[in-house]
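Let's take a look at a protein model together. Have the sequence and the 3D view ready.

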Amino acid sequence: MRDIAVLDHLPILQVAVPLLAAPLCVLIGHRGFSRGITVLVAAGMFLISLLLAGQVYPDGSLHYLLGGWPAPWGIEYRVDMLTVAILLTINLVNLIASMFSISRSDRKFNRRGSTAFYASWLLCVAGLNGMVVTNDAFNVFVFLEISSLSTYVLISCGRDPKSLLAAYRYLIMGAVGATFILLSIGLLYMQAGTLNITDLSVRIADQGASRTMIMALVFFVVGIAIKCGIMPFHDWLPNAYCYAPNTVTALLSGTATKVAIYVLLRFMHDLFSVGYSLGEMPIDLILLACAIAGMLIAPLIALRESSLKRMFAWPSVAQISYVIVGVCLGTEQGVAAALLHVFNHSVVKVMVFIAVGILIARTGTDRIKHLGSVAHTHRLASYVILFGGLGLIGIPGTVGFVSKWVLINAAVEQGSWWLSIPILLGSLTSVSYIWRIVEILWAKPADLDLDRTRSPITVAEWLPLVAIALVTLWFGLNASLSMELAALAASSLAGG
Amino acid sequence: MADAVPGLFNYWVAVALFTAGLLIVLDSRNMVKKLVGLNVFQSAVFLLFITLGKIEGGRAPILAEGVEPYSNPLPHVLILTAIVVGVATTAVGLALVSRIRDAYGTVHEDEIHDKPHIEPEIMP
Amino acid sequence: MSLFVPVFLPMLGALALVALRRHRPLRDAALVAVGVLNLLVLTIILLDRGGGEVQVLAEIIPGLSLAFHVEPLGLVFAMTSGVLWPLTSIYAISYLRAGNDPHQTRFHALFCVAIGSAMGIALAENLFTLFLFYETLTFSTWPLVTHSRTREAVLAGRIYLGVLLLTSLMFLLFAIVLVGNFGESLSFTPGGVLGDVSPGLSALLLVLFTFGIGKTAIMPFHRWLPNAMVAPAPVSALLHAVAVVKAGVFTILKVCVYIFGFDLMNDIGLRDALIWIAALTILLASAIAMRQDDIKARLAYSTVSQLSYIVLGALMANSYALVGSAMHITMHAFGKITLFFCAGAIMVFSGRKYVSEMDGLGRSMPWTFGAFLVASLSIAGLPPSGGLWSKWYLALGALELDQVALLAVLMISSLLNVYYLVSIPVRAFFLPARAGEAGPLENRPAMVIPLVVTAAVSFLLFFAAGELQHLLAGLTREVAS
C-alpha cells in the first residue's frame, strides 16, 4: 500500500520536489547533474500535475493538511480543477523550457555559476507551484517571494550587463508589489482573524464591507497588477524579458504572469467574492480600462522596437489584457475564457521565445534590422515564429483564435458586446508588428553572412520546440480538451 | 476624534514610514538608497502587523495558569518570516547593485543612462 | 466522394512539389497532374453532389466546426477555379521558365495552397470554415504578390495584406461573432439563420459583411487589387481575376442567400444605399480603368468594376439577380483570365506592358490579340459571348426591383468596357506599328494554347449558359419558396 501513500501526498510533493532538488544542485555542484535533475524534476512535476488532475477530475477537490493540523490553524493546501488547470499549464511550460535550458549556454558564467543557475530555476518553479496549491493567504506571499527572488537571479544571468539593471528594476517593482500584497493580507487578517482563504471568504462575507476591506482590496489589486504586468504597471516586463537568458525568457513568459493571474482570480472571485470586488467596488472598470489600453497600445510600441526579444515581450502585456477582460466579466464563461487564454498564450509564448532563442543563438544578434532573409537559412525557427505570430494575432485555426472567440462570446453573453471592438482592434494592431518581422525575415535582403550563421540544430533545441509546436497546433484545431478543463476550472471557482 | 492621534499612534507611525519609504524608492536615483527605502517601506508593514497582535495589558502567550489576557502570537511568527524574506530581498538587491557597479562603475541610475548605448556587435 | 479531397489534394500537392524541387520536369508534371486530378474529383462531386450531406472534419469547440457541404453556388465557384487551374499551371510553368525565375517551386507550391483554400471556401458549410480558408487564402497569396522581393512588391504586399486583414478581422469577424451569438447557427441554411434579430442589428450585419469581405474590392476597400498587380502574370490571372476575388464575391453571395435569406434582405432599408455604393464602384472603377496605360492596371480596375456587378446582384436579392451573379462568377472568370494570360504573353513575347505601345502588335501576335478580342467582348457583355447572359439576368434583376437607374448603370458600364477593353485589340490589329513590324513572336505554345482555350470557352459559354442555369435552378426554387 506504499504507493497509495505517495499518491495521498501529491499536493505537497508538487512543491517539495523542486524545493529539495535545488540545494542538491548546489551541493553536488556538477553541471551535468544539475541539468539532468532540472529536466527530470520538471518531468516529474508535470506527471504529478497529471496525477492530481486525475484525482480531482471532473469536479472534486483535495484538501491537504500540512503536518496534520486542521484547516484554520494549520496550513492547508487545496487542489481543485482551477488549481489543476494552472498547474498543468505552468508545469508543461516548465518541462519544455527546462529541456531547452540544457541546449546551449547563452549565459556568461562558469561551471559553479551554472549549478546555481539551475538551483534558482528549481526554486523559481517551486515558488510558482506553491502559490498555486496553497490555500493560505500568507503562504501565497512567501511563495511569491521565493519565486520572485529566484526570478531576479535568473534574469541577471543574461549576457548583456543590462540584464543586471533589468533584474534590479524588477526587484524594486516586485518588492513593492509584494509588500502591497503583504499589507493587504495583514489588513485581511486584521478584519477577519484568519489566513485560510476559504475561511477568510466565509468570514468576510459575514462581516460585510468596511474601510479595512476596501484598503485590503486596493492594495491587493495594485500589488498583483505589478506582478501580472498589466498596462500601467508593466514597466519591468519588457526589459526583464529582453535581457534575461533566452531559456529564462521562455520560462517566465509562460509561467510568472500566469500564476499572478491565478492569484488574482483566487482573491477577487473567491476571497473577496465577485459581488464585492466587481459589484460594490469598481475594480472591473479600472482593470478594464487598463486592459483596453494594454491591448491597443502594447502592439504599437512593439512595432517600434529594435530588438526581437523585446518586441515579443510586448505581446505579453497585450495578451494579459485579454485575460483581464475575461476575469473582469465576472461570469463563469468569462473566467473560462480567461483561463483558456492563459493556457493558449503560455504555449504560444514559450514556443515563440524558444524559436527566438534559437535564432539569436545562431545569428548572434537580436537587432531586428540585422535579421533580413534569415528565414531562408533558419527555416524551422522562422516558421515557428510565423506560426506563433499568427497565434498571437488570432488567425482562425490557431490557439489565439479559439480563446479570443470564446472571450468575445463570453463578453457578448454578459451584455458587454462593445468589448469585442477593442478585442478585434487589438488583433488587428498585432498584425502590424508580426508582419514587420515576417517581411524582414523573409523578404528583406540579407545583412549578415548567412552561411556563417549556419550550424546544426541540436536535439535539446528542436525537441522542445517541435513538441510545443505540436501541442499548440493540436489545441488550435481541437480545443475540446482545453475548453472542457477551462470550463470545469471556472465552475470550481464559482462553486467555491 | 481627540484621541485619534495618540490612540492610534501605532498606525500613524506605520503610515509615516510607509509613505517615506515609498517616496525614497520612487524618488531616489541611487540604487543603494532605493534599497534602503524599500527596507523602510517594508518595516512599516511589519510594524502594522505586529501591533495587530498586541492587546493592552496582554502578556506573552504561555500556556499556563493566570496568563490571561495574552497577545496573539501569530502576527509575530508571520512577521518573522516576512523579515527573513525582506532580508533575502535586500541581499539579492545588494548583490545586483554590486555587480552593476562592476559592470558600469557607478550605482547612480542617471550616470548609467548617460553612458552611450552600445549595441552588441554582431558575433560570427 | 469525400469533400475533403478537393480541399486537401492541392495542399498535399504543394508538399509533393516541395519534395520534388530538385527534379524540375517531374515537379512541373506533378503540378499539372494534381490540377487534372483535382478537376476529376470535382467532376465526380458535381455529378453525385457529394451525397448531399454535411461532412464534418473537426469540431474545434462546440458550435465551431470545420465542415463542408455541396450546394449550387459552391459548385459554380469550385468548378470554375478547378477548370482554370490546370490551364493556368501550364501557362505558369512556361511563364516562369521564360523569365528564369529562381523561386519556381515556392511559387507553384503556394499557388496550390491558394487553390486549396479557394476550394475550402467554395465547399464551406459554415461561416467559420469559410473564414478560416478566407484567411488562409490571404496569407498564402501574400508571398505570391511579393514574389519578386523588390521594394515595390513589398510595399504592395503591405497594402494587400493591410486592407484584406483590416476588413476581415475588423468587420467580417465581428459580423461572424454577432451571427454566432444572435443568429440560430453559423451554418449556411437556405432561408437564412437570422430569423428574429432586430432590424438595426440586421442592417449593421449587412454593412459589416459588405465591407468586411474585402476581397470583393468594393470601394473604398479596393486599393489592394491594383496593388496586387506587381505579382507575376499567372498570379494576376488565376488568383486576382478568379480565385481570390471570386472568393470574395462568392462569400457575399453565400451570406446573402444562406445567412440573411432574401426575405430579410428585402426588409433591410439600408440595403439600397449599399446597392448604390456597388453601382458607384462599377462606374468609378471603369472611369479609372480608362485612364490607365499599364495594361495590367487597366485590367485590375476592370476587375474591380466587374466584381461589383456580382455584389450588386447579391444585394438585389431576387432570383434573377442571383442567377446573374452566379453566372457572372464563371463568365467573368473565363473572360478575365484570358485577358491576363494575354497581358502576360504580350509582356513575355514583346516586352511591352503599356497600351500605347501596342499599335500594330496584333499582326505579330494574332492568336493572343484574337483571344483578347473575344474575351473583351465577353467582359463587355456583347454577343456572341457568355458575358451576355450574366448581364442579361442582372438587368432582369434590376427591373424586378423597379430600379431603371441601375439598368442605366449597367448599360453605361458596358459601353465603357467596350471603349477601354475592345479598343486594345483594335489598335493592335489596325493601327500601323510605330517601330516597324516585329515578325511572328508567339514562340511558346504552352503560353498561347491556354489563352486560346479560355477564349474559346468564353465564346462557347454563350451556348452553354442553359447548363449553368440548370445547375442553379434548384437554388432559385429554394429561394423563391
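Here is a short tour of chain B and its contact with chain A.

## Before we start

This is a predicted model, where local features need pLDDT of at least 70, side-chain atom pairs count only at pLDDT 80 or more, and totals for chains, interfaces and linings use all residues. Residues are numbered from 1 along each chain as its sequence is written, while chains are lettered from A and ligands numbered from 1 in the order in which they are written.

## What chain B is made of

Chain B has five helices and zero strands (helices are DSSP runs of H or I with at least four residues, strands are E runs with at least two, and both are numbered from the N terminus). Of its 124 residues, 23% count as buried, meaning that 20 or more other C-beta atoms, placed from the backbone, lie within 10 Å of the residue's own.

## Two helices side by side

Helix 3 and helix 4 of chain B pack at an angle of about 175°, with axes 10 Å apart. The axes are lines fitted to C-alpha atoms over the stretch in contact, and angles run from 0 to 180 degrees between N-to-C directions. Angles over 145 degrees count as roughly antiparallel, so that is what helix 3 and helix 4 of chain B are to each other.

## Meeting chain A

The contact takes 30 residues from chain B and 29 residues from chain A; two residues are in contact if their C-beta atoms, placed from the backbone, lie within 7 Å. On the chain B side, helix 3 (31-53) and helix 4 (74-104) are the elements that give two or more residues. Helix 4 of chain B brings the largest share, 14 residues.

Notes. Angles under 35 degrees count as roughly parallel, over 145 as roughly antiparallel, 65 to 115 as roughly perpendicular and the rest as oblique. A residue is buried if 20 or more other C-beta atoms lie within 10 Å of its own, exposed if 12 or fewer, and partly exposed in between; C-beta atoms are placed from the backbone.
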